Amino acid sequence: MSTAPARPTPPAPRVADLGNGVWTVPVPIPNNPLGCTLVYVLATDAGPVLVDTGWDDPVSYRALVEGLIEVGTSIEDVHGVLVTHAHPDHHGLSEKVREASGAWIALHAADAQQVELINNAPRAAWLRHHLEVLTLAGAPQDALDALTKHRDVNAGSRPRLHYAVPDRELVHGELAPAPGRAVRTVWTPGHTPGHVCLHLEDGDGRLLSGDHLLPSITPHIGLYDEAEEADPLGDFLASLTRVARMPITGVLPAHEHVFDDAAGRAAEVARLHEDRLTALHARLCERSLTLWQIAEGMDWNRPWARLGAQNRQLALSEAAAHLRHLVKRGRAGAESNGEPTRYTAL
């Protein structure tokens, strides 16, 4: 995730009653600067419904189990899980929750497709695809070698990632399956193709924002679809506009802490991306660049030289999303279709 200007550090998150039948349970993300995922517990007529579940790790699962006890319920009592998007810090523990409770799992169809791809794609396909992306981007050989080494090391030490297949679908504009509550599904693609927010309409007005709106950081917006018509950044900017127009009384994000001004934060994040697009266009006006050169020259939360192989892949994907959006706006285009492809301003 990209950074924004520094803000005062809030207290460490803890299990808390947020009122109107909503609690938060912080679930740790081991060895990750994000610290934790804020899992939300909604009281419903059929029992507790979770919004996200957290990272699949014994420490994380124990925190979720103990947090639910502190709320006054249990993992066995969970009625269902509303997943904002299919990333491991949000969807990772969903299968374990279902095994413990028999709960259903709901996810947007676009992210359900991502789950199917992740679960069924041959393990070697990931490396092959990303080496091709690096080559087209103009990456040096040492970057290809570093990614191969990273994948070889992790493939031997970690089990294959496998996500829970959802039982139900979250549909934009429809009420989510939270019996006795009015929880509206709001499709907010960009961070993932099927990311959703959940609007509490039952006398509340708060927005469970997942990773779409966060108080001081911004979600990774990568080119998750190679199809020419795909425009994740354009989708994200449109999602910000959609949320900014809603009658939101407060934001319950999946990381950091709750905050109030949804429209103000949406505008701030949109400006940040517009600034990045303007800076990228200015660079392309000076000379043509490969995607690797574009990514090297963008601002990240650490200097480019200190980004590891996996973080460079994320940075390259985010640079590609910004470049794709400039192309969609008619402000940039490919100078050549060779290897590597170079881009220039229009």
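**Glu274 and its partner.** I began with Glu274, which has a relative accessibility of 29% and therefore counts as partly exposed. The model I am reading is a predicted one. Next I looked up the partner of Glu274: its side chain meets that of Arg329 in a salt bridge, at 2.6 Å from N to O. This pair links distant parts of the chain, with Glu274 in helix α8 (residues 262-286) and Arg329 in the loop between α10 and β15 (332-334), 55 residues apart.

Which residue forms a salt bridge with Arg276? I found Glu318, with the closest N and O atoms 2.8 Å apart. Here Glu318 belongs to helix α10 and Arg276 to helix α8, so I noted another link between distant parts of the chain, 42 residues apart. Are Glu318 and Arg276 buried or exposed? Both residues are buried.

**Helix α10 itself.** I then followed α10 from end to end. It covers residues 309-328, 20 residues in total, and it reaches 28 Å from its first C-alpha to its last, close to the 28 Å expected at 1.5 Å a residue. How many of the residues of α10 are buried? I read 15 of 20, and the helix is mostly covered. Just after α10, I noted that Gly330 has a positive phi of about 75°.

**Helix α5, looked up in like manner.** α5 spans residues 123-137 and has 15 residues. Its reach from first C-alpha to last is 22 Å, close to the 21 Å expected at 1.5 Å a residue. I wrote down its buried residues: Ala125, Leu127, His130, Leu134 and Ala137. As a reminder to myself, an α-helix has 3.6 residues a turn, so residues three or four places apart point the same way. Just after α5, Gly138 takes a positive phi of about 90°.

How many salt bridges does the structure hold? My note says nine. One of them joins Arg181 to Asp202, with 2.8 Å between the closest N and O atoms. Arg181 is in the loop between β8 (168-170) and β9 (183-187), and Asp202 is in the loop between β10 (196-200) and β11 (206-210), so the pair ties together parts that are 21 residues apart in sequence. Arg181 counts as buried because its relative accessibility is 11%, while Asp202, at 23%, counts as partly exposed. I also found a network of salt bridges that links Glu95, Arg98 and Asp167.

**Positive phi away from glycine.** I located Asp52 in the loop between β5 (49-51) and α1 (58-71). With a relative accessible area of 1%, Asp52 is buried. Glu256 also has a positive phi of about 70° although it is not a glycine. Where is Glu256 placed? I traced it to the loop between β13 (250-253) and α8. Glu256 has 25% relative accessibility and so counts as partly exposed.

I marked a negative surface patch formed by Asp225, Glu226, Glu228 and Glu229. Glu226 sits in the loop between β12 (217-218) and α7 (232-244), and its relative accessible area of 46% makes it partly exposed. Moving on to α7, I found Pro232 in this helix; at 0% relative accessibility, Pro232 counts as buried.

**Two distances to finish.** I checked Pro232 against Ala106: they are 126 residues apart in sequence, with 23 Å between their C-alpha atoms. I then checked Cys36 against Ala254, which are 218 residues apart along the chain, and noted 8.5 Å between their C-alpha atoms. Cys36 is in strand β4 (residues 36-42) and counts as buried because its relative accessibility is 10%.

Notes: Residues are numbered from 1 along each chain as its sequence is written. This is a predicted model: local features need pLDDT of at least 70, side-chain atom pairs count only at pLDDT 80 or more; totals for chains, interfaces and linings use all residues. Side-chain values use heavy atoms; hydrogens and water are left out. Helices (H or I, at least four residues) and strands (E, at least two) are DSSP runs, numbered from the N terminus. The expected span of a helix is 1.5 Å times one less than its number of residues. Buried means under 20% relative accessible area, exposed over 50%, partly exposed in between (1.4 Å probe, protein chains only). Patches are made of residues with over 30% relative accessible area and no salt bridge: like charges are joined within 9 Å, nonpolar side chains (Val, Leu, Ile, Met, Phe, Trp, Tyr) within 5 Å. Accessible areas come from the Shrake-Rupley method with a 1.4 Å probe; for residues, only the protein chains shown count as cover. A salt bridge is a side-chain nitrogen of Lys or Arg within 4 Å of a carboxyl oxygen of Asp or Glu. Lys and Arg count as positive and Asp and Glu as negative; His and the chain ends are not counted. The place of a charge is taken as NZ of Lys, CZ of Arg, CG of Asp or CD of Glu.
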